[in-house]
Structure formats: structure tokens, C-alpha cells
Amino acid sequence: MFLLSNKKKEIEAEIAGTQNEIVSLEEKIKVVEEEKCGYHSIDDIVTKITVCEQSIEEHRARIQALEGMGSEDTIRADLMKSKSGQFLLALEQKFKNVEIGQSVTFGTYPQTADGKVKEVEWRVLEKQGESVLLISEYGLDSRSYNEECEDITWEECTLRKWLNEEFICTAFPGKERKIIADTRVKAESNPIYEETTPGNDTVDRVFLLSIAEAKRYFDSNEDRQCEPTPFAEENGAYRDDANDRCLWWLRSPGDSQDYAAGVGYGGGVHESGDYVFIDSYAVRPALWIDLDS
């Protein structure tokens, strides 16, 4: 597990630093012995050497103690002594063996019609080493892409601001937020309506998928369909009468600059999109978990 290996590396680094300090002290003793004339008396020399030797012994004792702390069992036991350590170990274990396509709970958010907070269910879209890409399994809320009907890009839209300020603090108020990575989000052009501009790349902790990503990470239209939570529906997300599914936003521009792309009730990607101020679309946040953090 990364948490244990990282702690072990910290201990090894401290041991190496302590060993370097011992070498420095030994060199200092050697200098004192070779430059006796620089001291007022033999007592000064003895005192200086004695202080260095005592410090060396203390450093060696510290190394011995650190070596005893470096085993996986010892590190785990030490982490389990605190609630914070228990939480981090449980969190790392949760993501360690998860596979692409599986669901995992992470964070909490209002999900019932009366706003009751429940654990959020996420789908694993990709794994890269110690990093995991997640998207919410359900439409968690209903928001317009931008509060005003105007030419806009993902970089400047109000939905991006809401996700990275209000949503992230609501869904992850504690230690969980620390493992959400800062992600460079690529400004991808609409593959059909290339005359619209996607704006600039951004660095976000929470974001929306692009058109290309929505097609790449889901196997079919059916797989891409999304059901809104009762909370999202209460806030305005429209649930289709035919299949109980909802529309959800993508970050890519639509066929004009005041349109944003989305996914339809049937799971098809709508490159043409819809007006950015419409508030009946659901929001499926995406984020990268980085255990290295």
C-alpha cells in the first residue's frame, strides 16, 4: 500500500539524514584533533570532542529506534493509533483493488428529495498507478452550465466555479478532499462544430467530461444513460417519463458559443448541445483521486 511505503520512505530518509550528521560530527572531531593549537587548553579540546561523541551516540540510538519503526506491521500499528491514520488506511484500501467499471463510495452529498445526506456512489473510469478517475453514478444536482445566456467557455462558466468551490466543500468537508488531485483539464474542441472555441486548458479538482471522454469511457448509449437523484430532480433536473433518465452536461462547447454539449435521455452524446442557461440538466462531477497526495 502506498501509505505504508510512503511512511517507510520517510523513515529511511530520516535514517540517511541522521547518518550524514554522524559523518559530519566524526569529521568535526578529526578537525579538532588536527588543529589543537586553535584551542586555549587541553580541556577545551576534550570538551569539544566529548560533546561530539555524545551527539554521535544519540544519533546512533535514533537510527536504531527508526530501524525498529520501519517494518510494515509497525507502521500500520502506529497509524492505527489515531483516527486520522485509521481513516487514511481505510481510504487507501478502498481504492487499492477497485477495477475500471466498478462502483465505489466516496464523500457525501444530499440525495433525497428532502435533502438527506448520503454517501456518493462513483464509477471508476480509469486507473493510472496510484490515481483513479471517478464520475458520479447518478446526476447529483441540477445546475445551468452558466447562469447567464451568453457566449461562454468551460474556463469561465459558473458551473465550473460551483463545482470547485461549493460542491467540493459540501461533498468532501474533511480529509477526503486532500486526495482529490489538481487536474489539468484539456480544452477540447467540439469534433463536429469546430468553429466554436473551447477556451483555454484549466486546472480543476472537479470537472465535467468532454465529448471525447464521454464517448471513450462509456461502452454504449445505454451505459451512458444517467438517473438523477431525487435531490437533483427536486432542484430542477428533468426525469424523462419514458425511461426515468436525465440529461447531463459535458464541458465541451455546442454548435454555438452560448451552447454547451450534453448527454441525452437515451445516452447519446449531443454535440450540438443546448443553451448554457438551461437549468434542467443534471450534473455528474468527475475527479481524479491521487493516493500519492
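Gln102 is partly exposed at 38% relative accessibility; buried means under 20% relative accessible area, exposed over 50%, and partly exposed in between, with a 1.4 Å probe and protein chains only. The model is predicted, so local features need pLDDT of at least 70 and side-chain atom pairs count only at pLDDT 80 or more, while totals for chains, interfaces and linings use all residues. Residues are numbered from 1 along each chain as its sequence is written, and side-chain values use heavy atoms, with hydrogens and water left out. The structure holds 14 aromatic pairs, 1 cavity of 30 Å³ or more and 0 disulfides.

**Loop positions and contacts across the sequence**

- Gln102 sits in the loop between helix H4 (83-96) and S1. Helices (H or I, at least four residues) and strands (E, at least two) are DSSP runs, numbered from the N terminus.
- Gln102 and Val124 lie 22 residues apart in sequence, with 5.7 Å between their C-alpha atoms.
- Arg177 belongs to the loop between H5 and strand S5 (183-185). Its relative accessibility is 24%, so Arg177 counts as partly exposed.
- The C-alpha atoms of Arg177 and Gly107 are 8.5 Å apart, although 70 residues separate the two along the chain.
- Pro230 is part of helix H8. Pro230 is partly exposed, at a relative accessible area of 40%.
- Between Pro230 and Ala113 the C-alpha distance is 4.8 Å, and the sequence separation is 117 residues.

**The loop between H8 and S7**

- Asp244 is in the loop between helix H8 (230-234) and strand S7 (248-253). Asp244 is not a glycine, yet its phi is positive, at about 65°.
- With a relative accessible area of 39%, Asp244 is partly exposed.
- Arg245 lies in the loop between H8 and S7. Arg245 is partly exposed, with a relative accessible area of 24%.
- Arg245 and Gly264 are 19 residues apart along the chain, and their C-alpha atoms are separated by 8.5 Å.

**Cysteines**

- The whole-structure search finds 0 disulfides; the cut-off is a pair of cysteine sulfur atoms within 2.5 Å.
- Cys246 is in no disulfide, and its nearest cysteine sulfur, that of Cys226, is 3.9 Å away.
- Cys246 is buried, with a relative accessible area of 0%. Cys169 is partly exposed, at 42%.

**Aromatic rings**

- There are 14 aromatic pairs in the structure. Rings of Phe, Tyr and Trp (its six-membered ring) pair if their centres lie within 6.5 Å; planes under 30 degrees apart count as stacked, over 60 as edge-to-face and the rest as tilted.
- Tyr109 and Phe167 have ring centres 5.1 Å apart and planes at 50°, so this pair is tilted.
- Tyr109 lies in strand S1 (residues 103-110) and Phe167 in helix H5 (residues 158-171), so the pair ties together parts that are 58 residues apart in sequence.
- Tyr109 and Phe167 are both buried.
- A cluster linked by ring pairs contains Phe95, Phe106, Tyr109, Trp122, Trp162, Phe167, Phe172 and Phe231.

**Charges over rings**

- The charged end of Arg216 sits over the ring of Tyr217, at 4.8 Å from its centre. The criterion is NZ of Lys or CZ of Arg within 6 Å of the ring centre and within 35 degrees of the ring normal.
- The charged end of Arg284 sits over the ring of Trp248, at 4.6 Å from its centre.

**Cavity**

- A search of the whole structure finds 1 cavity of 30 Å³ or more. On a 1 Å grid over the protein atoms alone, a cavity is a set of points where a 1.4 Å probe fits but cannot get out; lining residues have an atom within 4 Å of a point.
- The largest cavity has a volume of about 50 Å³. Grid points are joined across faces, edges and corners, and the volume is the space filled by probe spheres set on the points.
- Its lining is made of Trp154, Glu155, Lys186, Ala187, Glu188, Pro198, Asn200, Arg251, Ser252 and Pro253.
- By class, the lining of the largest cavity has 4 nonpolar, 2 polar and 4 charged residues. Ala, Val, Leu, Ile, Met, Phe, Trp, Tyr, Cys and Pro count as nonpolar, Asp, Glu, Lys and Arg as charged, and the others, Gly among them, as polar.

Technical notes:
On a 1 Å grid over the protein atoms alone, a cavity is a set of points where a 1.4 Å probe fits but cannot get out, and a pocket is an open set with protein on both sides within 12 Å along at least five of seven lines; lining residues have an atom within 4 Å of a point.
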